[in-house]
Each structure stands twice: as structure tokens, then as C-alpha cells.
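Open your viewer and load the model. This tour tells you what to select at each stop and what is there.

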Amino acid sequence: MNLMEIDTVSLSADDSSVVIIDQTLLPGKIELLNLVSSKDIWDAIYHLKVRGAPAIGICAAIGMYVLSRSYDHENLNHFVEQFMADMSYLDSARPTAVNLSWALKQMGDVVINYQQTNVDNVDNLVNKLKEKATYLKNQDIHVCKTIGEYGLTLIKPGDGILTHCNAGKLATIKYGTATAPIYAAHERGYNLKVFCDETRPLLQGARLTAFELTESGVDTTLICDNMSAMVMKKGWIDAVFVGCDRVAANGDTANKIGTSVVATVAKQYNVPMYICAPTSTIDMDTACGDDIVIEERKAEEITDMWYTSKMSHKDVKVYNPAFDITDHSLIAGIITEYGIARPPYNESLNKIIKEKENARK
């Protein structure tokens, strides 16, 4: 099974399930899971079997279509009640990534708008939900490819690139966000040298990014999180590309824990730090990073997960935030499918959102 030829999230051929790559088993094993129930989908998102802001959004969107097929098709109001209950449930799985709530709202809007027409044909509504989920999936592929083309303008052949966590194909449907410029450059023979932080505590850089880039033939070197200053001081890094789970209106971004450390080090060594963010990740209702809810995860991810026996004292306290906030002052640009936002971000992000709105008219 070739990982790069499989969509990270898809709808089964018979429309009965959401099909995902189980990312908890990578890189040792490539296995597809079929998610049927709301609990299946919630668990897959929460336990990071599917992860990455865009991918979990698409998983939830397709999931709501799959679930809608089992609701009451005789009574529209009852159908809506069931839909909204499951939508709220799935939205609770991951609080930091805005794409999850964004995608669910896209699906919810279809239901609300349909209900307001007073047309009591539930089967037609279910078809519209499938159309919306399919559109969101295809749009994600287009968005990532476009981000890659914009990101390509910021690098040159032979550059060294550092990335943190996994904002690659596995975090989206195809191409990735932070890796999209890398893949675009690789297709054009740029011969980039990519350094992947291992990214504690879940090792998503080591297990996922290093895996997919190496499988694609990209010159890839894995480093520990605390080695970023060393490779930058040596002059091996020309740019940092990372993804994010939420962009605040002022340009602060939430991404996997450790991203703010990379940004601070990059600033010290005059290496530009770029955030690759679909506009669906931009949350203009969140003023700044301090307003972003940071998910905290179980201590066992640090103390037990990667070891044959517990590696720390059994009574030690553990603090395990999944994300941190990178201050906008450390960011050279935010790459979206509508162009690259530059400081001041309150202005440039607002301009990009307006451009997106105008494009839809």
C-alpha cells in the first residue's frame, strides 16, 4: 500500500463510513479504518488517528453526511435535532483547531438553510450534505496546492528548510500546508534539504513528516526539538515552514507545542518563519493568541507512550499542553490560498478574508 496514493480522509464506496489512515500506527504500519458511528469519529479525532486541522475538519464533514444517512428521514425537525446533537458532540473532540468547528458549521448551515425552506424532503437534504462534504474535500486539495505555489516564491533551489510537527499530506487530504511548498519545489528539481523536528510529545515530525517526505524522495534529516538552534547557527536553514491550527486576527498562531520555540530561535538567527494556513484556519473573531483555548493531553503521552516501562518517577507531576502560541512579531508571513499576509496582520488578514468573500459572490 503506497501512502502517498491514498487520500488521508475519504468516503467509502458505499457511503456507509468515513475511511481514514490510522496515523497512530505510522510509520510501522499503513492501515485504513472505517468510521461508522459518531463515537467512532469522535474517538478517531480525539485519539489522533486522524489529525491535522484540515484533515479533522474534512473527517467531521464527511462524518456528518455518513451519520445523516441513519437519522429519521420521515420527520425533518427530528432529523435536525439528531444532526445538531452529533455536530455538537464531534465539535468537542478537539478545541484548539478551528477547522473542526468551521467544517461542522459548513455542514450545519446546509441543514439550517434547508429547514428554513419548509421542504420536508429529508432524502434531498442528505444528498446536499454529501455534495457539501465532497466540495469541502476537493477544496482542501485545491487550497493546499495553491499554498504550495505561493510558498515556492519564498525559496530557491538548494535551500535548507526546517519544519515542526506534521503539516504534510497526512494533516490534509493531499500536499499538506507547510509541506506543500516542499513538494512543489521537489517536483521542479529544487533539491531542498529539509530538517524535521521530532516534535514531542507525540513525535509527529519523526513518525509522520520524516516518513512521508522520505517516501517522496525529499532529502530529509530528522533532528530532536532542542537541535533547531544548532542547525540554524550552522547556516543550514534558509526558511522555516510550519502549519497551524488557528490564526488570530492579530496574526498570533496556535500550532503544535514547540513551534514558538522554533520561531524565537529563527528570529535570533535571522531565518524567516512562515505559517502556512488555509483561510479556514483564520479566526477573525479571536483577537489574539491569549484568547485561543489550548488543549491539554494525558501525562502518559510523555511518561509512558514511547517506552517499554514508565520512564519517569511515578509521582512526578506532568504538564502536557498540545499547542503553544507563536507571537505575530516572530512571523515573517502567513501563506494562504489567497496570497501571503504580511505585518501588520490585522490589516493583511482582513484584506485576505474580504478577497475570499468577494471571490464567492
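**Stop one: a tryptophan**

Select W42. Its relative accessible area is 18%. Buried means under 20%, so W42 counts as buried. Keep in mind that this model is predicted.

Where does W42 sit in the chain? Colour helix α1, residues 38-46, and you will find W42 there.

**Stop two: its ring partner**

W42 and Y89 form an aromatic pair.

Show helix α3, residues 76-91, which holds Y89. W42 and Y89 are 47 residues apart, and their pair links distant parts of the chain.

**Stop three: the cluster**

Ring pairs link W42, Y46 and Y89 into a cluster. How many aromatic pairs does the structure hold? There are six.

**Stop four: a glutamine**

Clear the selection and pick Q139. Helix α5, residues 122-152, contains Q139. Q139 counts as partly exposed, at 27% relative accessibility.

Draw a line from C-alpha to C-alpha between Q139 and M64: it spans 17 Å. In sequence, Q139 and M64 are 75 residues apart.

**Stop five: the whole chain**

Zoom out and switch to a cartoon view. The protein chain has eleven helices and 14 strands. Along the principal axes, its C-alpha atoms fill a box of roughly 65 × 55 × 40 Å.

What radius of gyration would a compact globule with 361 residues have? It would be near 21 Å; the protein chain has 20 Å, which agrees.

Show the contacts next. Take those in the protein chain with a separation of 6 or more: residues 24 or more positions apart account for 75% of them.

**Stop six: surface and charge**

Of the 361 residues, 55% count as buried.

Finally, colour by charge. Look for 35 positive and 46 negative side chains in the protein chain. The centres of the two sets lie 4 Å apart.

Definitions and conventions:
Residues are numbered from 1 along each chain as its sequence is written. This is a predicted model: local features need pLDDT of at least 70, side-chain atom pairs count only at pLDDT 80 or more; totals for chains, interfaces and linings use all residues. Side-chain values use heavy atoms; hydrogens and water are left out. Helices (H or I, at least four residues) and strands (E, at least two) are DSSP runs, numbered from the N terminus. The radius of gyration is taken over C-alpha atoms; the globule rule is 2.2 Å times the number of residues to the power 0.38. Buried means under 20% relative accessible area, exposed over 50%, partly exposed in between (1.4 Å probe, protein chains only). Contact means heavy atoms within 4.5 Å. Lys and Arg count as positive and Asp and Glu as negative; His and the chain ends are not counted. The place of a charge is taken as NZ of Lys, CZ of Arg, CG of Asp or CD of Glu. Rings of Phe, Tyr and Trp (its six-membered ring) pair if their centres lie within 6.5 Å; planes under 30 degrees apart count as stacked, over 60 as edge-to-face and the rest as tilted.
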